[in-house]
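Good morning, and thank you for joining this group meeting. Please look at the structure on the screen while I go through its sheet, its aromatic rings and some backbone details.

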Amino acid sequence: MANITDVARRAGVSPTTAKRAINNPELLAPATLKRVKRAIAQLAYEPDQRAAALRSGHSKTIGLIVGNIDEPFFASLIRVISRTLRAQGYTLLVADNEYDTRNELEQLKTFQRNRIAGLILRSGYGKPNLKYVQRMKANDTAVVEVDFLMPESPFSHVMLDNTRCMKLGLEYLHSLGHKRIATLGSYHETILPDERTKAFPELMADLGLAVSEAYERIIHPTSAEAYRITHELMNLPEPPTALFATTGNLASGAFQALRERGLELPQDISLLSFDNYPWTHMVAPAIDVIAQPVEDMSIAAAEMIVREIETPDRPAEQVRFPGTLIKRGSCAAPQAMNVIV
């Protein structure tokens, strides 16, 4: 492959001038710049970004770690963040921690070795990698968290207003007459330490409702686990009359289990979910959801990380977005299966 010396020789300039044509083209005379650009095109020269990163201390690359790349929320997040950063001259590297902070730590180390300029992190569950991320920040890597906050995180973040969204969903189910409401997974400080499940018991109490101990399950946030516990919940002597899925991925597992049992929505049970995933409006009845403004959140995270890179000493930013309740027909008053409410 051609190097900068080859470009300089072909253009008839010094290597310093050839480098200046790439990094500071406004400093060159138009005729000189034209010769260097022609040489670059003829030789198919590509700048060595690794060498530039070593000289400057970081690259024009930003790392993004998501929870599960298969989930439509994260697929949309990646697409919009990548598009937004590309328009500002940055390249995006993406990793999937599978909601596991052990996987995440290895990914963080890889990003650090690549001298990324910024990190957008959707941390996994388990022992938090807060100290390592703080060390990256101290080494001039900008950090923004998205969708989930590590405990005691000092970093800028972009989040859904999870507590308000849980309140919105529970008030909706309560207004329909539901008292026996179950989430698909209960709060756990390392296995499922998310804001939605954490807020659930208190919000239920605010409505004068108790959370049945029989409904509490500690699970990993996968559709397979949601499928399993939906069967368990519906086998109980007094099953819930409404299921509240805290992610669209969990809702898909629940929906599959309910269909296998021959239960109809909303006659036999109501199902409410976060995330306006494509499948939720392709089934009959379509699923009632609390939609997240994924594109707005993604743009906000991308713009925030650029600000963090360009102004390292700026105060941390905290941005929360509202959700939107979309009613489609999967929730109604409890009425079947000899339900006692």
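This is a predicted model: local features need pLDDT of at least 70, side-chain atom pairs count only at pLDDT 80 or more; totals for chains, interfaces and linings use all residues.

G118 stands opposite A142 in β4. The two strands concerned, β3 (residues 118-121) and β4 (residues 142-146), pair in the parallel sense over four bridges. Pairing here requires that DSSP find at least two bridges between two strands. Strands (E, at least two residues) and helices (H or I, at least four) are DSSP runs, numbered from the N terminus.

Residues are numbered from 1 along each chain as its sequence is written, and side-chain values use heavy atoms, with hydrogens and water left out.

In what order do the six strands of the open sheet run? The order is β2-β1-β3-β4-β5-β10, with parallel pairing. Strands β2 (91-96) and β10 (318-321) stand at the edges with a single partner strand each, so one side of each has no neighbour in the sheet. From one strand to the next, the twist averages 15 degrees.

Helix α5 (residues 72-86) lies across β1 (61-66), β2, β3 and β4, and runs at about 170 degrees to β1. Axes are lines fitted to C-alpha atoms, for helices over the stretch in contact, and angles run from 0 to 180 degrees between N-to-C directions. Buried residues of α5 include F73, F74, L77 and I78, where buried means under 20% relative accessible area, exposed over 50%, and partly exposed in between (1.4 Å probe, protein chains only). What covers the buried residues of α5 includes β1, β2, β3, β4 and α12 (294-310); contact means heavy atoms within 4.5 Å.

I turn to the aromatic rings. A search of the whole structure finds six aromatic pairs. Rings of Phe, Tyr and Trp (its six-membered ring) pair if their centres lie within 6.5 Å; planes under 30 degrees apart count as stacked, over 60 as edge-to-face and the rest as tilted. The ring centres of Y125 and F148 are 5.3 Å apart and their planes stand at 80 degrees, so this pair is edge-to-face. Y125 lies in the loop between β3 and α7 (130-138), and F148 in the loop between β4 and β5 (156-160), 23 residues apart. Y125 counts as buried at 8% relative accessibility, and F148 counts as buried at 6%.

R196 lies over the face of F274, at 4.1 Å from the ring centre. The criterion is that NZ of Lys or CZ of Arg is within 6 Å of the ring centre and within 35 degrees of the ring normal. T247 touches R196, S273, F274 and D275, not counting residues up to four places away in sequence.

Finally, the backbone. The bond from A284 to P285 is cis, with omega near -5 degrees, and P285 is found in the loop between β8 and β9 (288-291). D140, in the loop between α7 and β4, has phi near 75 degrees, a positive value in a residue other than glycine.
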